[in-house]
Amino acid sequence: MVRRAFFAYPGNQPNIRDAIRHFCDHYPREKFEVFSWEAMQIVGLRIDDEVRRNISECELLIADITYNNFNVLYEIGYAAALGKPIIPTLNSAVSSASRRVNDLGIMDTIGWATYTNGEDLVSSIEAWDSSSWRNRYQTPKNHSQPLFILDCLMKTDFRNQIFSTVENSKVLYRAFDPTQVPRLTAAQAISEISSSSGVIIPIISEDISDNYKHNLRAAFLIGLCHGFDIDCLAIQYENNPAPIDYRDFITNSTFRRETVNHVEQICADTLIRNQQISKVRNNDDAGIIAEISLGSPVAEYETQQLELYFIKTAQYANALRAEGAVITGRKGSGKSAIYFQLLNQFSKDKESCVVDLRPASHNLSEMRESLLSVSSVGIFDHTIASFWHYVMLLEILLKIREAVLPKSKNNFDLQERIRSIEENFGLHEAVVAGDFTSRLRTAVDQVISGLGGARNGDEVRQQITNLMFENPIPKLREAITSFGDIFDKIIILVDDLDKGWPPLQVEMHDVATIRHLIETLSRIRRDLGKKGLDVRHMIFLRSDVYERLVEHTSDRGKYNVIRIDWSDPQQLEHLIKTRVLSNVPKERSDDAWGIVNRQISPTLTSIDKMIEVSLRRPRFLIDVMERTLSFAINRGHGFITEDDVEEGARQMSLYLVSDFAYEMRDIAGTPDDIFYSFIGTPPTVKHADVLSTLGRIDLAIPPDQVIELLLWYGFLGILDAAGLPVFIYDRAYDIRRLEAERGPISTELRYAINPAFLKGLSPK
């Protein structure tokens, strides 16, 4: 019987099409009969059905990834879910082909067969069994967080409607958010989809930023869903053209209510399917390495599993004891992990009311612009402080209402107290069912409406005082204290305020918005404390935002700050070891750790190498470990080899060079391709050469300030007395200490480029 292979490729690229036609005609039939989509008999049949049937019946899928193509990625996802061997092919003669693959990220840990023409392609796939890739990542159902959502880079109203509806449904979910982790690898995608009972995939229109990458990821995920037979809501706003392979599976929405209905239905279906028994394909041939699961690098998408491998650091212990604190850390340092563990710990105390506030979609800068539109710069502080006072008290009251509602079923007095606050403060269904984001928007609109007739600063101040402090704020405070017989402690946790920061330099009004929130919470703690309530608050901020905050605060020591940046390699090794062993039977722990932590040189282990290229950030360390594991499994290795580690480090370096600069851009307004300017730069470089490199690009700030940023973010380091590189994490993230060691600036002063970036900066 002739074995069959199906070849998936875009038909609109002649150089690709001609090479593949030659391959199909000349590949030895005794090995495989190669069947392309162009050869399908589709008269009277649906093309997409025939494509899926052919993939299901074939023994091998060959897929060309030279050009990103929606249908091809869908077919790769479909075949991967079915467990078919897959050979990606790439025409190396096509300019920037491999860069496109790396930029997208889905296939960058898999590898591919390269060719330049049809004959070359035949020889490249001669040894197909050794070059093919097979899905070994299917994981058991995540019954605690059964829904998976593909998030968007731009948080549009359409996207926000989806997330708000899911939040209101109370279905716990996981998500891939490109603002947190820019690349979605095939291994991560397969793991996320196979462990889901339901999936929501927005398809975004061509006029939205990042639509192309997003919709390519969507194509791959939809293919996985169909192959795994998992409920998938692929939804787009309005009826736009869609790829033929899955056109009939896309749901169109033309207004908010329609979007809400579709999302509510998938949430309900997810809960039903979540009760079914999980069926997982046996991957015993991959060995114990396939059992290792590191969990998500983003804490908010693994809230139910986080406790299995959360490290209770000294910073966490300090946060548990703090009355009021600002918890800071760099992006990816584990702030949200501490947030969720604190939330879990505090919620165990039945006499505590925990007010957890994580705006899912708002943009503080948009709020600031709205308030500035009706109040001049000089009175912005008064306006925003009053606004925060009202919003925070309202959120406390809403959380109290939510907590006591179940207790009121057989308590008429409690029912009356709840009814009273609902009437007095207009807590109707829309307010109660909404999230923190929607209430922020509503509060801003109320302030704007109340200030509409003010003619000058004095009138604005007077109207704000009348609007907030003469009526709603005192009454809110009184209503909260009236429940002191039920709760004697109120704990306020605020995270993700900087998540919606604009892709421009942070402005002082944004920093002022945060400063007034901190001061307002301190005032609320004092005011309610006088009424016998123990109030505690913690705000989680990125380090760069906090540094901007204290720069413009007269008393730098006024905030109780808990810093959680990691600098000790042994702590990071303990963190990754805990994750590696969390999903492995205890009796096999030593074997599992030995598989991933190999000695790759007399002084260096594989974990040492991964820590070296992680910039000492837990999220990056988990990312590079995932990539390295992917290479090892895809290559059929039973343990991590030195080559796997090198390839994982190379991919991590490419990610840092291409995507890490967005973090600098968001804070300082530097170009998002700033690191590309250093391609070909040696490991050490003179100050004059750095200035020369920066002089060739359009900077928003002076070059000397950019160099300080490059030191702060760890791209550049200094050389110590022995000529060894020292980076900011080697000095406990103390930038002033690092600059002091740098000494006087001269053209001959030398910097070291972080090893994590060097492979990505190689001109080869």
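Student: Let's start with α7 and α10. What angle do they pack at, and how far apart are their axes?

Tutor: α7 and helix α10 (residues 256-273) pack at about 45°, and their axes are 9 Å apart. Axes here are lines fitted to C-alpha atoms, for helices over the stretch in contact, and angles run from 0 to 180 degrees between N-to-C directions. Helices are DSSP runs of H or I with at least four residues, strands are runs of E with at least two, and both are numbered from the N terminus. One thing to keep in mind is that this is a predicted model, where local features need pLDDT of at least 70 and side-chain atom pairs count only at pLDDT 80 or more, while totals for chains, interfaces and linings use all residues. Residues are numbered from 1 along each chain as its sequence is written, and side-chain values use heavy atoms, leaving out hydrogens and water.

Student: What do you call that orientation of α7 and α10?

Tutor: The angle makes α7 oblique to α10. The cut-offs are under 35 degrees for roughly parallel, over 145 for roughly antiparallel, 65 to 115 for roughly perpendicular, and oblique for the rest.

Student: Which residues make the contact?

Tutor: On the α7 side you have F158, Q161, I162, T165, V166 and S169, and on the α10 side R256, T259, V260, V263, E264 and C267. Contact means heavy atoms within 4.5 Å. By class, that's six nonpolar, four polar and two charged residues. Ala, Val, Leu, Ile, Met, Phe, Trp, Tyr, Cys and Pro count as nonpolar, Asp, Glu, Lys and Arg as charged, and the others, Gly among them, as polar.

Student: Let's zoom in on V166. Is V166 buried or exposed?

Tutor: V166 counts as buried because its relative accessibility is 0%. Buried means under 20% relative accessible area, exposed means over 50%, and partly exposed is in between, using a 1.4 Å probe and protein chains only.

Student: And what is V166 in contact with?

Tutor: Leaving aside neighbours within four places in sequence, V166 contacts L147, I149, V171, Y173, I200, V263 and C267. Take L147: V166 is 19 residues from L147 in sequence and 9.2 Å away in space, C-alpha to C-alpha.

Student: New topic. Where is R217?

Tutor: R217 sits in helix α9 (residues 211-228). R217 counts as buried, with 2% relative accessibility. Not counting residues up to four places away in sequence, R217 touches L104, I106, L150, F176, P178, P182, L184 and D210.

Student: You mentioned D210. Where is D210 placed?

Tutor: D210 is in the loop between β8 (198-203) and α9. D210 is partly exposed, at 24% relative accessible area. Its phi is near 70°, a positive value in a residue other than glycine. Most residues other than glycine have a negative phi.

Student: What about D229, buried or exposed?

Tutor: D229 counts as exposed, at 54% relative accessibility. D229 lies in the loop between α9 and β9 (231-237), and has a positive phi of about 60° without being a glycine.

Student: Okay, α28 and α29. How do they pack?

Tutor: Helix α28 (residues 687-695) and helix α29 (residues 703-712) pack at about 110°, with axes 10 Å apart. That angle is why they count as roughly perpendicular to each other. H687, V690, L691 and L694 in α28 meet P703, D704, V706 and I707 in α29. Those contact residues divide into six nonpolar, one polar and one charged.

Student: Which residues of α29 are buried?

Tutor: V706, I707, L709, L710, L711 and W712 are buried in α29. Just after α29 comes G714, with a positive phi of about 85°.

Student: Last one: how many helices and strands does the chain have?

Tutor: The chain has 31 helices and 21 strands, and buried residues make up 56% of its 764 residues.
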